[in-house]
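This report walks through one structure, element by element. Keep the sequence and the coordinates open while reading.

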Amino acid sequence: MPATAIDIATYSIKAVVAKQGGTPSITRTALMKNSSGLGFPKDEMQAEKILKEVDQIFHDHNLPKTDVYLSLPEEVVSTKVIYLPPLSDAELASAIDWQAEQHIPIPLNQLTLEYQVLYRPPKKQTDQPMRVLLVGTRKNVAELYSDIFVSLGIQPKIMETQAFSIMRALGFEESDPTTLVVHIGADNTQLAIVDKTEIKLVTNKKGGGTILTKAIQQAVTNVTPEQAEEYKHTYGLQTEQLQGKIAQILMPALNPLTQEIVKTLRYFNNEQPQSPVTRIVLAGGTSQMPGILSYFTQQTNLEVLLAAPFAGTNGEIPEENQQPFVVCNGLLMRKNSNK
Ligand SMILES: Nc1ncnc2c1ncn2[C@@H]1O[C@H](COP(=O)(O)OP(=O)(O)OP(=O)(O)O)[C@@H](O)[C@H]1O
Ligand SMILES: [Mg+2]
């Protein structure tokens, strides 16, 4: 039976339908502009608006409703890798709530917390930290979110936080160099470091393609939002186009993200000098902007590559605009790899 993976996000709603087994075999991809602009509901009224959008994409694209995999945005599920002095399971269990309070931006009374030890150093090496993955879910928002689907007669089979889907879609292998993944959407950017298939660090930052379009709107007189979006897509960060005028507008708007990347690299390379990051992989809709690869190469002096979101799939693969589907594809791979 085909499964449908769905990613509700601020710019667009994406769905991929695929037959399961070994490699997902894609039969349909659907992308619809999200006219509510909401990636998750804060209350019943917002849930109602999102419901209309979800209903429309299922209807317009005739998406199967039996096996639905749902992506959860970071506002609903917050993921973090924390470093602690080595603790026993019992010690960790009693320390974990306090740790969550420090690292997960969800109040404890609204939080469902799961955690997993990623690495515990050997007994003799007490100077090494242990690494723990925290996954916090905002209870009330998660309920509003899944209720949207239940009202449409859909019982999501799997709900998973975006960061995990993205990592799976990118198919890391033991032999890969330590990599910083930068997944840039419209309103959100995920940064994650992967070392030998293990997630070592993951953070979510506000900001993405929308602020870039707004920067053009503010800087160019009499430009409509649609024109600003078109300038961004056509010229992007290319300094040789339009005498670099659009690039000059976009660079300052991209600066907070650039700084965040530099800071993350510095922090990680300091913590783990034995396996420093040697390359960056860009994904998400904004990674398709012209000139963005060479811009980040210049800013970081690292090799910067564009992700191949459909590499682990076959079937009806779209020829253009592939990056927005990375989350859906990772979700579809989950059943097969079971992790
Ligand atoms: N070729 C392109 N050049 C520049 N920007 C692009 C291009 N294609 C898509 N984008 C931008 O990518 C963003 C949409 O990407 P994506 O679909 O990953 O976001 P989203 O998942 O809807 O948002 P979020 O997850 O942040 O809520 C938009 O800001 C859009 O303008
Ligand atoms: Mg997104």
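## Two loop residues with positive phi

The loop between strand 10 and strand 11 contains Lys196. This is a predicted model. Lys196 is not a glycine, yet its phi is positive, near 50°. Is Lys196 buried, exposed or partly exposed? Lys196 counts as partly exposed, because it has 13 C-beta neighbours inside 10 Å.

Asn222 sits in the loop between helix 5 and helix 6. Its phi is near 60°, again a positive value in a residue other than glycine. Asn222 is exposed, because 5 other C-beta atoms lie within 10 Å, and the cut-off for exposed is 12 or fewer.

In what order do the strands of the open sheet run? Five strands form it in the order 11-10-9-12-13, with mixed pairing. Strand 11 (198–206) and strand 13 (303–306) are the edges, and each pairs on one side only. From one strand to the next, the twist averages 20°.

Strand 9 (residues 179–184) and strand 12 (residues 279–283) run parallel, joined by five bridges. Within this pair, His183 has Ala283 of strand 12 as its bridge partner.

## Helices on the sheet

Strand 1 (residues 2–8) is mostly covered. How many of its seven residues are buried? Six are.

Strand 1 pairs with strand 2 (residues 12–19) in the antiparallel sense, over seven bridges. A hairpin of three residues links strand 1 to strand 2. Ala5 finds its bridge partner in strand 2 at Val16. Strand 1 also runs parallel to strand 4 (residues 68–72), and three bridges join them. Here the bridge partner of Thr4 is Val68 in strand 4.

## Helix 6

Which residues of helix 6 are buried? They are Ala228, Tyr231, Lys232 and Tyr235. Seen down the axis of helix 6, these buried residues fall within an arc of 100°, so they line one face of the helix.

After helix 6 comes Gly236, with a positive phi near 50°.

## The shell around ligand 1

Ligand 1 has 22 residues around it. Ala9, Tyr11, Gly185, Gly209 and Gly285 come nearest. By class, the shell holds five nonpolar, 14 polar and three charged residues.

Which helices each supply at least two residues of this shell? They are helix 5 (209–219) and helix 6 (225–235). Helix 6 gives the largest share, three residues.

Note on methods. Residues numbered from 1 in each chain as written. Chains lettered and ligands numbered in written order. Predicted model: local features only at pLDDT ≥ 70, side-chain atom pairs only at ≥ 80, totals over all residues. Near = placed C-beta within 6 Å. Helix = DSSP H or I, 4+ residues; strand = E, 2+ residues; numbered from the N terminus. Nonpolar A, V, L, I, M, F, W, Y, C, P; charged D, E, K, R; others polar. Buried ≥ 20, exposed ≤ 12 C-beta atoms within 10 Å, placed from the backbone. Arc of directions from axis to C-beta. Pairing = 2+ DSSP bridges. Axes fitted to C-alpha atoms, helices over the stretch in contact; angles between N-to-C directions.
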